[in-house]
Amino acid sequence: MTKYAESQSKDLKAAEFDGKNLRVRIASVAIQHFDATDQQAAQDKPRLTFVGKEKGLILNSTNTQTLVKAYGPNSDAWLHHEIGLTTKDYSDKGFGHGWIVTPLDVKGPDFNDEIPF
């Protein structure tokens with residue numbers, strides 16, 4: 001019976017990976033449509049798939065903004081970049097578990113500027 005209790009979702013669920021840190025490489029970015037429900041209007045969200053992985057990740061606004069800042073607004077530029085996925089428990093805010101996306105291959109700022117003071 002355990003095979004029937006397992007998640008059949010095509011997407012990663014943060015609660016299933018609580019306390020884990022995942023390193024993945026972006027294979028594709030597509031837009032997934034979600035029909036309206038009693039609680040939410042219809043909406044489109046970016047969905048990432050990963051090299052060598054079966055499950056993808058639906059991005060929320062915050063994680064989308066993180067990738068736009070790191071790689072630019074054209075999602076084709078996101079392909080083949082490596083990102084880290086960690087989970088956070090937002091139960092105290094009424095959301096359950098969520099994902100935090102961290103670009104892993106972005107150079108930080110150069111702190112070697114000469115400042116005359």
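Analyst: A residue is called buried when its relative accessible area is under 20%, exposed when that area is over 50%, and partly exposed in between. Please keep in mind that this is a predicted model.

User: What makes Arg-23 and Glu-82 a salt bridge?

Analyst: Their closest N and O atoms are 3.0 Å apart, and a salt bridge requires a side-chain nitrogen of Lys or Arg within 4 Å of a carboxyl oxygen of Asp or Glu, so the pair qualifies. Because Arg-23 lies in strand β1 and Glu-82 in strand β4 (residues 82-89), the pair ties together parts that are 59 residues apart in sequence. Arg-23, at 57% relative accessibility, counts as exposed.

User: Which other residue forms a salt bridge with Glu-82, and how do you know?

Analyst: Arg-25 does, with the closest N and O atoms 3.6 Å apart, which again falls within the 4 Å limit. This pair links distant parts of the chain, Arg-25 being in strand β1 and Glu-82 in strand β4, 57 residues apart. At 35% relative accessibility, Arg-25 is counted as partly exposed, because that class lies between the limits of 20% and 50%.

User: What makes Arg-23, Arg-25 and Glu-82 one network?

Analyst: The three residues are joined by salt bridges that share partners: Glu-82 pairs with Arg-23 and also with Arg-25.

User: How many salt bridges does the structure hold, and what do Asp-11 and Arg-47 tie together?

Analyst: The structure holds 3 salt bridges, and one of them joins Asp-11 to Arg-47, whose closest N and O atoms are 2.6 Å apart. Asp-11 lies in the loop between α1 (2-5) and β1 (21-34), while Arg-47 is in strand β2, so the pair ties together parts that are 36 residues apart in sequence. Asp-11 and Arg-47 are both buried.

User: Why is Gly-52 placed in its accessibility class?

Analyst: Gly-52 has a relative accessibility of 77%, and exposed begins over 50%, so Gly-52 counts as exposed. Gly-52 is found in the loop between β2 (43-50) and β3 (57-58), and its C-alpha atom is separated by 8.8 Å from that of Val-24, 28 residues apart along the chain.

User: How do you know whether Thr-64 is buried or exposed, and what surrounds this residue?

Analyst: Thr-64, which lies in helix α2, has 18% relative accessibility and therefore counts as buried, the limit being under 20%. A polar atom of the Thr-64 side chain lies 2.8 Å from the backbone oxygen of Asn-60. Apart from neighbours within four places in sequence, Thr-64 is in contact with Pro-46, Leu-59 and Trp-78.

User: What makes up the lining of the largest pocket?

Analyst: The largest pocket holds about 630 Å³ of space and is lined by 23 residues, with Lys-45, Ile-58, Asn-60, His-97 and Gly-98 nearest its centre. At least two lining residues come from each of β2, β3, α2 (61-71) and β5 (97-103), and β5 gives the largest share, 5 residues. The lining divides into 12 nonpolar, 8 polar and 3 charged residues.

Technical notes
Residues are numbered from 1 along each chain as its sequence is written. This is a predicted model: local features need pLDDT of at least 70, side-chain atom pairs count only at pLDDT 80 or more; totals for chains, interfaces and linings use all residues. Side-chain values use heavy atoms; hydrogens and water are left out. Helices (H or I, at least four residues) and strands (E, at least two) are DSSP runs, numbered from the N terminus. Buried means under 20% relative accessible area, exposed over 50%, partly exposed in between (1.4 Å probe, protein chains only). On a 1 Å grid over the protein atoms alone, a cavity is a set of points where a 1.4 Å probe fits but cannot get out, and a pocket is an open set with protein on both sides within 12 Å along at least five of seven lines; lining residues have an atom within 4 Å of a point. Grid points are joined across faces, edges and corners, and a volume is the space filled by probe spheres set on the points. Ala, Val, Leu, Ile, Met, Phe, Trp, Tyr, Cys and Pro count as nonpolar, Asp, Glu, Lys and Arg as charged, and the others, Gly among them, as polar. A polar contact is a pair of N or O atoms within 3.5 Å; within protein, one must be able to donate a hydrogen and the other to accept it, and residues adjacent in sequence count only if both atoms are side-chain atoms. Contact means heavy atoms within 4.5 Å.
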